[in-house]
Amino acid sequence: MQTPSAADLLLAWERGLDQSPTRRALSLLEACLPGVTLDRLAALPIGMRDTQLLRLRESLFGNSVAAVSECPDCGERLDVAFNTNDVRHMSVEKIDAETMEPQTQAHQLHTGGYDITYRIPTSSDLLVISTADDIEPQLALLQRCLTEVQQNGIPVQANALPDSVIAAISKDMANADPQAQIELGLVCPECSYAWNALFDIAAFLWNEIHAWAKRMLHEVHTLARTYGWREADILAMSARRRQIYLELAQT
Ligand SMILES: [Zn+2]
């Protein structure tokens, strides 16, 4: 993984403005993994994708995360601070760091009299089900990820499964790919209510990059107006040198 240049990150951000959250996450990965095809990135299990997004976040903004959450019980806003290392899971699935080719495995589950084989959902799955508006998303995802379902040796369709079995599969899938769902154990300082809040690294990093991009364009605007420099030249400067010129421009 390489840290994207300011120009490349701005390009990914600009493209991402018109994209769905899932596609945006892939645009960010394209910027830091330029040798890997989009299809390959989209085929990563969500947890593996999020592992790469965490690495990108660390290379751009460091390991410390400061987020805000809201108590579901009393509505109190609370500051949440943690380190990215605290939310990193060791994946049972392995990946080739150069090619991003995952060595995924089939997962098996026996529940409610059914024998189920499935694979972990990927960004491709999320992109496809987001365009299928005639079917419930959870069922659409299962139809794509269940590779074999049998009851007493007889094949069964995903849409014929009882709700309890669907719930058991969803839970097993989440356990099999823990990095896909980062949960933070929080306690409200106001009312002592305790809950698990989801931390969505894709959405969080996108918001950070969105704020960064707007700051960066403002800096380009100030320097271009003051010195007449080209956008490409300003973006090619180190952040430190850009900051010094900005201070000089404002004196
Ligand atoms: Zn509370």
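Modeller: What follows is a set of questions and answers about how the labels were assigned.

Modeller: This is a predicted model, in which local features need pLDDT of at least 70 and side-chain atom pairs count only at pLDDT 80 or more, while totals for chains, interfaces and linings use all residues. Residues are numbered from 1 along each chain as its sequence is written, and side-chain values use heavy atoms, with hydrogens and water left out.

Colleague: What makes up the secondary structure of the protein chain?

Modeller: The protein chain has 10 helices and 10 strands. Helices (H or I, at least four residues) and strands (E, at least two) are DSSP runs, numbered from the N terminus. The C-alpha trace spans about 80 × 50 × 35 Å along its principal axes.

Colleague: Which atoms are the protein donors of the zinc ion?

Modeller: They are the SG atoms of Cys 71, Cys 74, Cys 188 and Cys 191, lying 2.3 Å from the zinc ion. Donors are N, O and S atoms within 2.8 Å of the metal (3.2 Å for Na, K and Ca); water is not among the atoms, so sites may look incomplete. The SG atoms at 2.3 Å therefore count as donors.

Colleague: Why is the site of the zinc ion called tetrahedral?

Modeller: Four donors count as tetrahedral if all angles lie between 85 and 135 degrees. The angles among the 4 donor atoms are 107 to 114°, so the site is tetrahedral.

Colleague: How are the donors of the zinc ion spaced along the chain?

Modeller: The spacing is C-x2-C-x113-C-x2-C. Cys 71 and Cys 188 link distant parts of the chain, being 117 residues apart. Cys 71 is in the loop between strand S1 (64–70) and strand S2 (77–83), and Cys 188 is in the loop between strand S9 (182–187) and strand S10 (194–199). Both Cys 71 and Cys 188 are buried.

Colleague: Why is Cys 145 counted as buried?

Modeller: Buried means under 20% relative accessible area, exposed over 50%, partly exposed in between (1.4 Å probe, protein chains only). Cys 145 has 0% relative accessibility, so Cys 145 counts as buried. Cys 145 lies in helix H6 (residues 137–145).

Colleague: Is Asp 86 buried or exposed?

Modeller: Asp 86 has a relative accessible area of 58%, so Asp 86 is exposed. Asp 86 lies in the loop between S2 and strand S3 (94–95). In the protein chain of 251 residues, 41% are buried.

Colleague: What does Cys 145 touch?

Modeller: Contact means heavy atoms within 4.5 Å. Leaving out residues up to four places away in sequence, Cys 145 touches Thr 117, Tyr 118, Arg 119, Pro 121, Asp 125 and Met 173. Thr 117 lies in strand S6 (residues 114–118). With a relative accessible area of 14%, Thr 117 is buried.

Colleague: How do you know that S5 and S6 pair?

Modeller: Two strands pair if DSSP finds at least two bridges between them. S5 and S6 are joined by 5 bridges, so they count as paired, and they run antiparallel. S5 and S6 form a hairpin with 2 residues between them, and Gly 112 in the turn has a positive phi of about 55°.

Colleague: Which strands form the open sheet?

Modeller: The order is S5-S6-S7-S8, with antiparallel pairing. S5 and strand S8 (154–155) are the edge strands, since each pairs on one side only. S6 is joined to strand S7 (residues 146–151) by 5 bridges, and Tyr 114 stands opposite Gln 151 in S7.

Colleague: What is in the largest nonpolar core?

Modeller: A nonpolar core is a set of buried Ala, Val, Leu, Ile, Met, Phe, Trp, Tyr and Cys residues joined through side-chain atoms within 4.5 Å. The largest has 49 residues, and Leu 28, Leu 41, Leu 53, Leu 184, Phe 199 and Trp 212 touch the most other members. Helix H8 (residues 201–227) gives the largest share of this core, 11 residues. Apart from this core lies another, of 21 residues, among them Leu 109, Tyr 118, Leu 142 and Cys 145.

Notes. Tetrahedral: all angles 85-135°; square planar, octahedral: opposite > 155°, others 65-115°.
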